[in-house]
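Reader: Can you walk me through how some of the pieces pack here? Keep it brief.
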Amino acid sequence: MMNMRAFYLVFLFFLLGSLNGFSQKRILVQPSEVIGSRKMRILSTNQGAIEASNVVPAHIINFLATNKHFQVVDRKNITYIQTERELQKSEDFIDGYMVEQGQIEGADYIFRIVFIEDEKTLSLQVFEVSSGLLVCSRDQPVKISSFGIRQLDPLLRNLLYEIMYDCFDMKYSFVRSLAEKNKSVQRALIAIGKTNQAKEEDVVEFYQLETEEVDGENYVRRKVIAKGEILKVEDNNFSEVKITQGHVELYRQMNGPSKIYVIIKNELI
């Protein structure tokens, strides 16, 4: 049998290997663009649309910055950073304190935000820098009022959860049942928390992945088996959900062979 010292050495090497294998994706969020149409691709002068779309990058940066899988490359504030660096080098800096100044990092992905005026559509696009390819995109019709884009926060978070799934294969897990009644799940614990921008009253879909063969090709689709509403965001990683639909089906599937995932998908008015 392996002695304890050998076991701990093997475990340490495994842990170090896991840590080395984990790397954050560096992503650059571009300022938003407003174009007249997809065909003409002429920059719009509609001031209302421009002002409404200008707040979108800040929301996206906030969503990505709290996610451990991403490192946001912030070029918008680079001028302020460079000014502070030069000031610290000058004789006028009274206390002589200077932080270690490294290189500005590049990005692995570029996040492009486009508002298409004639369609009243917000388009989020992710490009891979190494290949130059558009790896995924999502469009969402929006309504603009005098106060900006209506329901901006839930709308953007819906889009961003779908982008995480489409672009980066990021899935969030159903953890376990918290309360049951007559072979049905009443409350559940899910692995979405503050770092994923979860909020109380968010609508949650519980789904399983199914493979369908169509014309000789296999396609994976999400099969929704239940829905719920977040009662409490417990911490950075977990939330408690009240099940509103599919109580019995969730109970039936939770001990089955197919893993159950969750995604936030708020209903927009």
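**Strands and a helix pair**

Author: A hairpin of five residues links β12 to β13. This is a predicted model, in which local features need pLDDT of at least 70, side-chain atom pairs count only at pLDDT 80 or more, and totals for chains, interfaces and linings use all residues. Residues are numbered from 1 along each chain as its sequence is written, and side-chain values use heavy atoms, with hydrogens and water left out.

Reader: In what sense do β12 and β13 pair, and over how many bridges?
Author: Antiparallel, over six bridges, with β12 at residues 217-233. Strands are DSSP runs of E, at least two residues, and helices runs of H or I, at least four, numbered from the N terminus. Two strands pair if DSSP finds at least two bridges between them.

Reader: Which residue in β13 is the bridge partner of I230?
Author: V241.

Reader: And how does β10 pair with β13?
Author: Strand β10 (residues 185-190) and β13 (residues 239-245) are antiparallel over four bridges. L189 has E240 of β13 as its bridge partner.

Reader: Switching to helices. At what angle do α3 and α5 cross?
Author: Roughly 50 degrees; the axes of α3 (residues 56-65) and α5 (residues 152-168) come within 11 Å. Axes are lines fitted to C-alpha atoms, for helices over the stretch in contact, and angles run from 0 to 180 degrees between N-to-C directions.

Reader: Which residues meet there?
Author: On the α3 side, V56, H59, I60, F63 and L64; on the α5 side, L152, D153, L156, R157, L160, Y161 and M164. Contact means heavy atoms within 4.5 Å.
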